[in-house]
Amino acid sequence: MIEELIKKHIHTSRTPVSKESNDLVNDVAEILNADIIAAKSGSEVLTWFIPEYFHVKKGLLKRLNGEIIADFHDNPLYLWTNSINFQGKLSKNQLKEHILYDENRPNIIPYHYKQGFSIKAENWGFCLPYNKWANMNDEEYEVEIQVDINNNENMLTGVAQAGNKGKTYIFAAHTCHPAQATDGLTNVALLTEIFKTLQTMDLKNTYKFVFGPEYYAAAVFLEKLNDDELKNINGAFFLDLIGADTDFAFSTSFFTDSFVDKVTEHIFLRKVKNYKKYGYRKLIGNDEMFYNGPYFKIPTVTLGQIASNYYHTSDDNYSNINFKKIKEYEKIIFDIIDILETDFVPVLKYKGPLCLSRYNLFIDIRSNRDAYRHIETMQILADGTLSCFEIAEKIGADYKFVKDFFESLKRKHLCVSR
Ligand SMILES: [Zn+2]
């Protein structure tokens, strides 16, 4: 399923406002029965403008003898995002102004995204592997770029939901980035899979999955929120770079010690072998900036992996996706959701330390010293003010250990949840 969705959309020209990005939004919306918000290109959202719609008919760089050097239809990365129309012959020197290459990674096609974030595109250009560029020795080259670039079309943003009670948590990933795998697409596919499962569960909370082009989907979603909905949001998670062949990582929200920050760190600390923790926006600066941003102030953690050395290049492709990492990440996210779903405030119905052996709850100090001590302190802290998660954090214990203990007290009618 994850593979199928990725395969279908990996090679497409998913610029922010394009049929290709909209196609992905529509496909995910169909799977999850999601709402779609349409925003016209050129229209204002928050203080931003939705970029121009971009459709490429032809994007060719040729030698004068007709030999093709770069063809958009072979790889959309060859053409700069939102290139304007151009037709003509240029010397290599004139052409240089319109070429992006990366000398340090000479065999890849880099990704030129800048014009995708400007109000009006004013330039055209190609991205080439440096080795290809360095071997071009002709006096003149021919360029043919035919595109539709205008403000006549809509950018689509999808919002899927699971559960309809309690607090709201947002999950977000971006659908854009032509021919890029782990920058956007794999994260959308993973969240689609997770939401398919969540939608079959009886949930305590409400989960929303926001998917659409980077920055603008977040802006469109946030602009539509009313104050009551905003007040009910307890935190958000933005996913990016999942499926790269690098270590796991997360970056904290702006607020650093919010509930979602603590839950995320709790899980990484105990369940993930090698990971790196970054400060706010230090892993990758993206949609989290909108959610955490002025007025909304939704604590938003970024879940991802360290940027690979093929980040923003033609090597961020299907064959380099590490599906094992995606599976492992799915587990991490369900562990996070498990805390959001199962945490409760235990209130004891007895006084004094419980005679554990009488209730079959005794742990021998010799077999597990930490657990032996935790059980004692946990009971003192269970005074009806702290939740299982808060108690676990306070004493440095595993959430599941604390929760399971109080669950067993509940089953023995020694405790109730508040
Ligand atoms: Zn990117």
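Q: How many bridges join strand S14 to S15?
A: Strand S14 (residues 248-251) is joined to S15 by 4 bridges, and the two run parallel. Two strands pair if DSSP finds at least two bridges between them. Phe250 has Lys277 of S15 as its bridge partner.

Q: Before we go on, what kind of model is this?
A: It is a predicted model: local features need pLDDT of at least 70, side-chain atom pairs count only at pLDDT 80 or more, and totals for chains, interfaces and linings use all residues. Residues are numbered from 1 along each chain as its sequence is written.

Q: Good to know. In what order do the 8 strands of the open sheet come?
A: The order is S1-S10-S12-S11-S13-S16-S14-S15, with mixed pairing. The edges are strand S1 (35-40) and strand S15 (275-278); each has a single partner strand, so one side of each lacks a neighbour in the sheet. From one strand to the next, the twist averages 20 degrees.

Q: Which strands does helix H6 touch?
A: Helix H6 (residues 216-224) packs on the sheet against S1, strand S10 (154-162), strand S11 (168-174) and strand S12 (206-212), and its direction makes about 135 degrees with that of S12. Axes here are lines fitted to C-alpha atoms, for helices over the stretch in contact, and angles run from 0 to 180 degrees between N-to-C directions. Helix H8 (residues 259-271) lies across strand S13 (233-240), S14, S15 and strand S16 (300-305), at about 50 degrees to S13.

Q: Let's zoom in on Val159. Is it buried or exposed?
A: Val159 is buried, with 21 other C-beta atoms within 10 Å. The cut-offs are 20 or more other C-beta atoms within 10 Å for buried, 12 or fewer for exposed, and in between for partly exposed, with C-beta atoms placed from the backbone.

Q: Where does Val159 lie, then?
A: Val159 lies in strand S10. Beyond its neighbours within four places in sequence, Val159 is in contact with Ala34, Asp35, Ile37, Lys208, Val210 and Phe221. Contact means that the C-beta atoms, placed from the backbone, lie within 7 Å.

Q: New topic: what is the order of the sheet of 4 strands?
A: That open sheet runs S5-S4-S9-S6, with antiparallel pairing. S5 and S6 are the edge strands, each pairing on one side only. The twist averages 15 degrees from one strand to the next.

Q: How many bridges hold S4 and S9?
A: Strand S4 (residues 53-63) and strand S9 (residues 140-150) pair over 10 bridges. Phe54 stands opposite Ile149, and Lys62 stands opposite Glu142.

Q: And what do S4 and S5 form?
A: They form a hairpin with 4 residues between them, and Gly66 in the turn has a positive phi of about 95 degrees. The two strands run antiparallel and are joined by 3 bridges; Leu61 stands opposite Ala70 in S5.

Q: What about phi at Asn82 and Lys297?
A: Most residues other than glycine have a negative phi. Asn82 has a positive phi near 55 degrees, and Lys297 has a positive phi near 45 degrees. Asn82 is in the loop between strand S5 (68-71) and strand S6 (86-91), where Asn82 is buried, with 28 other C-beta atoms within 10 Å. Lys297 is in the loop between helix H9 (288-291) and S16, and Lys297 is partly exposed, with 15 other C-beta atoms within 10 Å.

Q: Back to helices. At what angle do H5 and H10 cross?
A: The axes of helix H5 (residues 181-198) and helix H10 (residues 323-342) cross at roughly 50 degrees and come within 11 Å. H5 and H10 are therefore oblique to each other; angles under 35 degrees count as roughly parallel, over 145 as roughly antiparallel, 65 to 115 as roughly perpendicular and the rest as oblique.

Q: Which residues make that contact?
A: From H5 they are Thr186, Leu190, Glu193 and Ile194, and from H10 they are Ile326, Tyr329, Glu330 and Ile333.

Q: Last one: how many helices and strands are there in the protein?
A: There are 13 helices and 18 strands, counted as DSSP runs numbered from the N terminus (H or I, at least four residues, for helices; E, at least two, for strands). Of the 418 residues, 44% count as buried.

Key. Two residues are in contact if their C-beta atoms, placed from the backbone, lie within 7 Å.
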